[in-house]
Amino acid sequence: MTYLITGATGDVGSKVVHHLLQRGNRPRVFVRSVQKAQALFGQRVDIFVGDLAQPESLQPALAGVDELFLVNSGPQIPVHDESAAKAAKAAGVRHLVKLSSMDVQHGLAIGAWHELGEAAVRASGISFTFVQPTGFMSNLLAWARSIKTERIVRASTGEGKRAFIHSEDIAAVATAALTTRAYDGESLPITGPQALTFAEATATIGSAIGKRLTFQPISDDEARQRYSAISGSEAETEAHVSLWRAIREGRLAGVTDNVQRILGRKPLPLEQWAMENATAFC
């Protein structure tokens with residue numbers, strides 16, 4: 001089997017590549033930076049350079065591919081998913097695994113982008129699996145600066161909960177979908193082991209680094225102002241504000257057993273992730 005991994009130098013994609021390497025496969029990777037790919041994987045992969053925003057650059061990488069792992073982000077998810085799925089179908093790719101979001105179940109902005117992306121993949125006629133994680137534990141790295149400088153985490157999530165998931169679990173589920181074909185045509189919503197408030201997540205990181213941290217609730221307006229300083233667009237800012245509001249309202253606290261069902265083990269806890277990444281917060 002020939003596997004093509006997009007987003008291969010990212011958090012989840014790089015782990016999928018490593019899972020395939022451990023299985024004895026030599027995957028193809030579709031990246032923007034040869035240097036970054038070589039630093040991660042050496043000579044163990046076949047590197048194709050391009051950008052999913054430029055669909056024609058994907059075509060050489062798809063020739064002879066059986067399985068495609070598709071990663072897109074931002075407001076252009078529907079457009080990029082559609083062009084990649086059509087190109088994959090035309091190239092004879094047998095199966096596409098899309099990294100989606102569990103938030104498609106709630107019609108939120110970020111989830112809505114993925115919902116449209118999923119619809120485009122379905123419409124292409126290619127066989128698919130949608131891996132739908134909840135919030136990534138790795139997203140909590142955005143707190144690193146305020147933790148290091150102030151020992152404070154600010155968020156507009158109130159007492160709402162989120163069952164944060166380790167990117168290793170996301171990658172392992174995606175690899176299972178790519179290599180077993182046992183989940184063709186399925187959507188796989190996946191979460192961590194338990195839903196936590198952001199205050200509880202803050203305390204978990206504090207425990208890992210041996211420091212007392214404070215969680216400070218803020219308003220939607222303040223969250224909007226703070227995120228807009230680093231956001232790529234107004235649409236992206238509003239998507240995040242609506243996501244945090246939904247968490248505060250208790251709409252995104254669901255926990256599934258799909259990691260256990262697919263991998264035969266419990267999902268990794270936030271305590272483990274916090275220990276693995278403690279230096280980022282010190």
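This report describes the strand pairing and the nonpolar cores of a predicted model.

Local features rest on pLDDT of at least 70 and side-chain atom pairs on pLDDT 80 or more, while totals for chains, interfaces and linings use all residues. Residues are numbered from 1 along each chain as its sequence is written, and side-chain values use heavy atoms, without hydrogens and water.

Helices (H or I, at least four residues) and strands (E, at least two) are DSSP runs, numbered from the N terminus. Strand E2 (residues 28–31) pairs with two strands, where pairing requires at least two DSSP bridges.

| Strand | Partner | Bridges | Direction |
|---|---|---|---|
| E1 (residues 3–6) | E2 | three | parallel |
| E3 (residues 46–49) | E2 | four | parallel |

Within these pairs, Thr6 has Phe30 as its bridge partner, and Val29 stands opposite Ile47. Arg28 and Phe30 point one way from E2, Val29 and Val31 the other, and all are buried (under 20% relative accessible area, 1.4 Å probe, protein chains only).

Helix H1 (residues 11–22) lies between E1 and E2 in a right-handed β-α-β unit; helix H2 (residues 34–41) forms another such right-handed unit with E2 and E3. Right-handed means that, with the strands pointing away from the viewer, the path from the first strand over the helix to the second runs clockwise.

A nonpolar core is a set of buried Ala, Val, Leu, Ile, Met, Phe, Trp, Tyr and Cys residues joined through side-chain atoms within 4.5 Å. The largest has 35 residues, and Trp273 is among those with the most contacts inside it. Helix H10 (234–248) gives the largest share, six residues. A second, separate core of 31 residues includes Ala37 and Val45.

Key. Buried means under 20% relative accessible area, exposed over 50%, partly exposed in between (1.4 Å probe, protein chains only).
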